[in-house]
Structure formats: structure tokens, C-alpha cells
Amino acid sequence: MRDDPDYVPRRLRVHPSKKFAATLRKEITDGTWAPGTVRRSGDLGRRFGTTPHVISRTVQLLRKEGLVETRAGGGGGIAPCGTTPSAWQQVAHRDDVEDAVRKRISDGTYPVGELLPSVALLGKEFGVATSTISLALRPLKDEGILSNAGLTAQYGTVVATLIPSDSCPEPGAGDADTGCGEVPDADRERGSFHA
């Protein structure tokens, strides 16, 4: 090897991620990679003929320099900093999912004692990965609003307590006129209401 005229000692070699980062940096600065355009790691890997690990290091270098933003998941990818791609504006985030589920519990769409739609169905509805749905439901479980339907999560998630709606801002503020804070008699008879 050392007889080879093109031999470069290992300590002097430049990691491929630095070469690829230089190429992408040039494309960002000269406008070839337009702001708001999303690229996928897999596409970059095929383009440069390298592994996902090398592409990950390449993107990490560019992110540290503040040149690109990344977003994980099906609606994610890599885009130059400065403008948010329209594809990213339409994708729900964990907080959006949590807020939507909270609202549905408070307005009775998801009644107390009933199973929530599956994580897979909620993922399809919001256009996010099932892991995002699980992360969105975690705070609701921590607060005791949701609980597992069986001994394990495989049986589903059930609404354990009522969240007051906007018309009943205080928990337990029952009102004969509005029915706020009251549990339907049918739920009391079935024993499905968990206080």
C-alpha cells in the first residue's frame, strides 16, 4: 500500500461526510438547492452512493452550521434554513395531536369509559407515525385522563376521566342547566365511569 503513489495515511484522510457537506453547502449558497425544497436522506444516499450513517453525519455538519433544518417522520426530510417548506406546515406535531385529543375528550367525542381509536387509526388521521401518537398521548396518561384498557397497552387506551369543556372551566362544576361535570346515568349503571 505504501508503495502506491495515491496512498494517503489514515490520519490525513478527509471523511466522506465532509466532502458531501461541501457539495451541499455550495448548492445551498448558489441557490441550486432552493429554500423550501425538501430532500430525503435516502435520496442523498443514492446520489452520493454512500451509507445512511455517512449521510447522517453530513446532515449533522450542515445543521451545526445552521444551513439546514431537519424533521423526522413521513412528512420530514432536510431543507435549507430560512423558510419552512409547505409540506412541513401541513404535518401535525405531537402537541397538535395532544390538543385535538384533549378537545375531543372535553366535548364528548371520546366519552369516559370508551376506547380511543387505535394508535394506527389516529396516525392515519393526523398523517404522523404511530410513535408520534404514542408520545402525544403520554401526557394525558400521566395526568390520569387516559389509561390502558387492559394489563398491557395492546388492549387499547380508554378515557378514564372527564376533561371540563370550555363552557365548564372548573372540574366538578356541575350545573343542572348545562349538564357540565355530570356523568350520564347509563355510564353510572354500566359502571364504566372511573372517578
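Contact here means heavy atoms within 4.5 Å, while helices are DSSP runs of H or I with at least four residues, numbered from the N terminus. The model is predicted, with local features needing pLDDT of at least 70 and side-chain atom pairs counting only at pLDDT 80 or more, whereas totals for chains, interfaces and linings use all residues. Residues are numbered from 1 along each chain as its sequence is written, and side-chain values use heavy atoms, with hydrogens and water left out.

**First stop: helices 1 and 2**

Select residues 16-30, which form helix 1, together with residues 41-48, which form helix 2; they pack at an angle of about 110° with their axes 12 Å apart. The axes are lines fitted to C-alpha atoms, for helices over the stretch in contact, and the angles run from 0 to 180 degrees between N-to-C directions. Helix 1 and helix 2 are therefore roughly perpendicular to each other, a term that covers angles of 65 to 115 degrees.

Now show the side chains at this contact, where Phe-20, Thr-23, Leu-24 and Glu-27 of helix 1 meet Leu-44, Arg-47 and Phe-48 of helix 2. By class, these residues comprise four nonpolar, one polar and two charged.

**Second stop: Glu-27**

Stay in helix 1 and centre the view on Glu-27. Is Glu-27 buried or exposed? Its relative accessibility is 11%, so Glu-27 counts as buried, the limit being under 20% relative accessible area with a 1.4 Å probe and protein chains only. Beyond its neighbours within four places in sequence, Glu-27 is in contact with Thr-32, Trp-33, Arg-39 and Arg-47.

**Third stop: the nonpolar cores**

A nonpolar core is a set of buried Ala, Val, Leu, Ile, Met, Phe, Trp, Tyr and Cys residues joined through side-chain atoms within 4.5 Å. Select Val-101, Ile-105 and Phe-126, which touch the most other members among the 19 residues of the largest such core. Helix 5 (94-106), helix 6 (119-126) and helix 7 (130-142) each supply at least two residues of this core. A second, separate core has 13 residues, including Phe-20, Ile-28, Trp-33 and Val-54.

**Last stop: helices 6 and 7**

Finally, select helix 6 and helix 7, whose axes come within 8 Å and cross at roughly 105°, which makes helix 6 roughly perpendicular to helix 7. Here Val-119, Ala-120, Leu-122, Gly-123 and Phe-126 of helix 6 meet Thr-130, Ile-133 and Ser-134 of helix 7.

Conventions: Angles under 35 degrees count as roughly parallel, over 145 as roughly antiparallel, 65 to 115 as roughly perpendicular and the rest as oblique. Ala, Val, Leu, Ile, Met, Phe, Trp, Tyr, Cys and Pro count as nonpolar, Asp, Glu, Lys and Arg as charged, and the others, Gly among them, as polar. Buried means under 20% relative accessible area, exposed over 50%, partly exposed in between (1.4 Å probe, protein chains only).
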